[in-house]
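Hi there,

Here is the structure I promised to pass on.

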Amino acid sequence: MEKVLKVENIWKSYGKLQVLKGISFDINEGETKVIFGPSGSGKSTLLRCINMLDPPDKGKVYIRGVDITDPSVDLNKVRTRIGMVFQHFNLFNHLTALDNVALGLRVVKKMPKEEARKKAMEALKKVRMEKWSHHYPGQLSGGQKQRVGIARALAMEPDIILFDEPTSALDPELIGEVLNVMLDLAKEKTTMLVVTHEMGFARSVASEMIFIDNGVVVERGTPEHFFTKPKTERVRRFLSKIGELYGRKGKTAPEG
Amino acid sequence: MLLFDYFPELLKGLATTFELAAIGLAMGFVLGWILVLLRKYGGKVLSPIATAYVEFIRGTPMLVQLFIIYFGLVEYGIDNFTAAFLTLGINSGAYQSEYFRQGIESIGQGQIIAARAIGMNRLQIIRHIILPQAIRIALPAWSNEAAYLPKYGVVAFAIAVQDILSKAKWIVPTWSLSPLEVYGMVALLFVICISAISKILDIVYKRVKIPGF
Amino acid sequence: MWDKISHYFYLLLQATPTTLELTIFGFGLGAVLGLPLAFARVYGGKVLSRIVDGYEKIFRSIPLIVLIFMFYFALLPPLFDDPFLSYLSVILPIGLTSSAFQSQIFRSAIEAVSGQQMIAGLSLGMTKLQVMRHVIFPQMFFLALPGWVNEYANQLKDTSWAYTIGIPELMRWADYIRASEQKAGMITSPFDLVLPYLIASIIYFALTYPVSKALSEWGMKKKKLMGYSR
């Protein structure tokens, strides 16, 4: 069966700095994969390469077998099939939660207003934000904003959703509500690629974890593998540092 | 009372001043948007030209600009009223473009990336994300420009447009009045009118601003 | 034609010191008045705040030329003769108007300096006045710099109004050159009419733009250094 996402030998540099040096991996339908590693290792850049917001210098990206790095591809159309959730939410400040979610449906997918709003409401229900549909981003907490951000990506019915450190900018007590939504999505077999430090989340739902440092994939394997016998010293060091922060077994998403 | 003799004349002049300001503001609005869009999306040639225009207009006195326009076009039959509102328009456009630009630039890159990530193209982003926010963010600064433009509009006096200042100058000897009284009245009228306009625009802003900010 | 241009430049540059004089005195007066007004507004309590607010509103709304006429034709003649009469009739109105704008600029800069700074200073045992002088003012200075420099440029441009009462500054000279060329029958095209004003505008631009740009960039750098972004 065709992979939802296939990333082949991605290279990317900014000026003299080589940020990504030959990254390859793939994701199957319904899988959740987690990318983790030290800051500055190129993880965010990688996500931006995947949806071609910042095209790679070398390498290819395939969505369901279609090479989207090919210059003849209509990128705007492709992007409707790749959802993205951002560290700093990036909600449209002048629109209500409902309109934030509906905008892409109306303007890009050309849905009529009523239908778009209906779909948007469904997405908001999924992230448990339907009661706040008429609030503006300026009136919402970080966790609420991020859930709206997830709803916005969901509503477009993408083949895969990319998460760029979705909880890094949140106050600790707000992380749980977002992680819970993400856990639900993973359990429903949404195809997800998540860049995060939340090891508890990774342990629960990741089919594979990929450690990236200095622009290369240093090690990859199941969560089980990483938490019992990681191969490389670098990974071990990184995990122990995270262990210090979050406690030995890594953070598990709290209930509710 | 003597006040009621000359007051109507003064008001006629005030009306002219406001008329000039209104036309100038409207012209400036259109020009201002053209200038910002050129600056942001005009490419290597148009963008610096737009920037140079804005900086030059903001760096030179309106009086000088007025004389350049008036004397430059007088041979072609321009009348002083037209020269006046053209100057106001050209001048206000440069200032308004700055307010619009600040409005646009305060919309973080993040929202634009998010819009691209759901597949919106540049035109859609300008129309649905940038413009609606930029206008509301720029409103306070723009309201300032709108309210104070009549004050700057008195430049027209220098080329003998029958605005409030010309009228005042004529009233003093005609009715043998003290200059202090007449110019004081002019000052008072400006303070009242500008305060009123500011207040109204303030109320509009409160209604229209993005909630949560 | 180039002779004409350089000749006009030569003449107009002679007028420039007058323009600068008017600006410096007027703007300086504005700063001397505006700074205490700003502090009064922020730290002075409700009543004082309202009074300053009223003052600001009044002097920001009155066109400069109206004030100039009030001083020149009514307020100053009993006290002064020319040349003081005309110079003061420009410098005083500019001072008053500018003080209203500068008060606003300083006020928002003071308010932007974190309130925590005042608390920190007081907790060390300093008096309010000491905190204002040693902690608030230095930071406020850099925050205010871009707006303040902009205001300086505005007042410099406004000195062009002095031409209405005969002071020999840039605008008056440009006008005079144009008028005498007309009288001498030397005007052949609209360009000739406009040329003196064009050159004057170039001089005005040279007086405002470089200073504005340089100082506001310096101010922004310092702003960042002090931890205030944007």
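A word on conventions: residues are numbered from 1 along each chain as its sequence is written, while chains are lettered from A and ligands numbered from 1 in the order in which they are written. This is a predicted model, where local features need pLDDT of at least 70 and side-chain atom pairs count only at pLDDT 80 or more, whereas totals for chains, interfaces and linings use all residues.

**Chains C and B.** This contact takes 29 residues from chain C and 27 residues from chain B (two residues are in contact if their C-beta atoms, placed from the backbone, lie within 7 Å). On the chain C side, the elements giving two or more residues are α2 (46–61), α3 (64–75), α6 (128–158), α7 (170–183) and α8 (190–225) of chain C (helices are DSSP runs of H or I, at least four residues, and strands runs of E, at least two, numbered from the N terminus). With 11 residues, α8(C) gives the most to that side.

**Chains B and A.** Here, 20 residues come from chain B and 22 residues from chain A. On the side of chain B that touches chain A, α5 (109–117) and α6 (122–153) of chain B each give two or more residues.

**A sheet in chain A.** Four strands form an open, antiparallel sheet in the order β2-β1-β4-β5 (chain A) (two strands pair if DSSP finds at least two bridges between them). β2 (17–27) and β5 (66–67) of chain A are at the edges, each with a single partner strand, so one side of each has no neighbour in the sheet. Strands β1 (residues 5–14) and β4 (residues 58–63) of chain A pair in the antiparallel sense over five bridges, and A:L5 stands opposite A:I63 in β4(A).

Best wishes
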